[in-house]
Amino acid sequence: MLYAWKIHEEITPTTLSVNLECTRFMVQNYTANALWSLQSDRSLPPFPKSEWKYVLSGTAVNLDIVFSGLFSTLTDDKITTSVGDFDLSGGGKPSKIVQSHRDWTIVWNSTSAAILCAFPHCALELQQYSEYILQFFGAFLYLHSKVINLNKSIRHYAGEVKHIELSEFG
């Protein structure tokens with residue numbers, strides 16, 4: 001046995017849905033080499049390099065960073081801060097923020113295309129989620145910021161739950 005905390009799983013294994021099992025298997029197999037291979041592929045949709053690691057790990061992508069990346073002319077998407085003798089690097093602040101139904105649709109289409117490159121079996125799930133959020137935009141015509149905040153909350157929570165499920169049963 002590889003990890004002591006896996007004893008419970010071996011005694012009472014958990015059954016995952018076919019899609020989640022497929023995703024779990026794929027995430028386990030993605031490594032730094034997979035990220036390099038993916039980013040060097042010429043057939044990829046336009047998508048910020050900094051967000052591919054979230055796609056491959058099955059966690060929530062920052063749609064503001066994707067939106068900025070789609071329309072940015074800058075090639076460096078990192079910020080470096082010096083603290084004493086150390087340099088700390090992190091993702092840059094997005095220069096564009098998703099603020100409307102139009103913005104969300106553009107960035108979601110790009111994000112879905114990126115996710116489908118890594119997880120082609122998730123097409124129906126992505127389509128259903130898109131339709132779900134679009135219904136809110138239709139129902140709340142003048143409250144786009146509320147729908148965008150709802151989307152952020154759902155995706156963040158779902159990404160955290162999926163990440164926990166995938167790591168727990170890996």
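I started at Thr-59, which I found in the loop between α4 (49-57) and α5. I kept in mind that this is a predicted model. Is Thr-59 buried or exposed? Thr-59 has a relative accessible area of 19%, and the cut-off for buried is under 20%, so I wrote Thr-59 down as buried. I then looked for a side-chain partner and found Ser-57, joined to Thr-59 by a polar contact of 2.9 Å between the side chains.

I located Gln-28 in helix α2, residues 18-29. Its relative accessibility is 39%, so I noted Gln-28 as partly exposed.

**Helix α6**

Next I went to helix α6, which covers residues 101-118. I counted 18 residues and a reach of 26 Å from the first C-alpha to the last, close to the 26 Å expected at 1.5 Å a residue. Which residues of α6 are buried? My list reads Asp-103, Trp-104, Val-107, Trp-108, Ser-110, Thr-111, Ser-112, Ala-114, Ile-115 and Ala-118. As a reminder to myself, an α-helix has 3.6 residues a turn, so residues three or four places apart point the same way.

Setting aside neighbours within four places in sequence, I found Asp-103 in contact with Phe-67, Ile-97 and Val-98. I also checked Asp-103 against Leu-63: they are 40 residues apart in sequence and 9.7 Å apart in space, C-alpha to C-alpha.

**α5 against α6**

How do α5 and α6 cross? The axes of α5 (residues 63-71) and α6 come within 9 Å and cross at roughly 90°. That angle is why I noted α5 as roughly perpendicular to α6. On the α5 side, I listed Leu-63, Val-66, Phe-67, Leu-70 and Phe-71 in the contact. The α6 side brings Asp-103, Trp-104, Ile-106, Val-107, Trp-108, Ser-110 and Thr-111. Sorted by class, this contact has 9 nonpolar, 2 polar and 1 charged residues.

**α6 against α7**

I moved on to α7, residues 123-139, whose axis comes within 11 Å of the α6 axis and crosses it at roughly 170°. This crossing makes α6 roughly antiparallel to α7. From α6, I wrote down His-101, Trp-104, Thr-105, Trp-108, Ser-112, Ile-115 and Leu-116. They meet Ala-123, Leu-126, Tyr-129, Ser-130, Ile-133, Leu-134 and Phe-137 in α7. By class, I got 10 nonpolar, 4 polar and no charged residues here.

**The whole chain**

Last, I stepped back. How many helices and strands are in the chain? I counted 8 helices and 2 strands, running α-α-α-α-α-β-β-α-α-α from the N terminus on. Buried residues make up 31% of the 170 residues in the chain. Of the contacts with a separation of 6 or more, 63% come from residues 24 or more positions apart.

Note on methods
Residues are numbered from 1 along each chain as its sequence is written. This is a predicted model: local features need pLDDT of at least 70, side-chain atom pairs count only at pLDDT 80 or more; totals for chains, interfaces and linings use all residues. Side-chain values use heavy atoms; hydrogens and water are left out. Helices (H or I, at least four residues) and strands (E, at least two) are DSSP runs, numbered from the N terminus. The expected span of a helix is 1.5 Å times one less than its number of residues. Buried means under 20% relative accessible area, exposed over 50%, partly exposed in between (1.4 Å probe, protein chains only). Axes are lines fitted to C-alpha atoms, for helices over the stretch in contact, and angles run from 0 to 180 degrees between N-to-C directions. Angles under 35 degrees count as roughly parallel, over 145 as roughly antiparallel, 65 to 115 as roughly perpendicular and the rest as oblique. Contact means heavy atoms within 4.5 Å. Ala, Val, Leu, Ile, Met, Phe, Trp, Tyr, Cys and Pro count as nonpolar, Asp, Glu, Lys and Arg as charged, and the others, Gly among them, as polar. A polar contact is a pair of N or O atoms within 3.5 Å; within protein, one must be able to donate a hydrogen and the other to accept it, and residues adjacent in sequence count only if both atoms are side-chain atoms.
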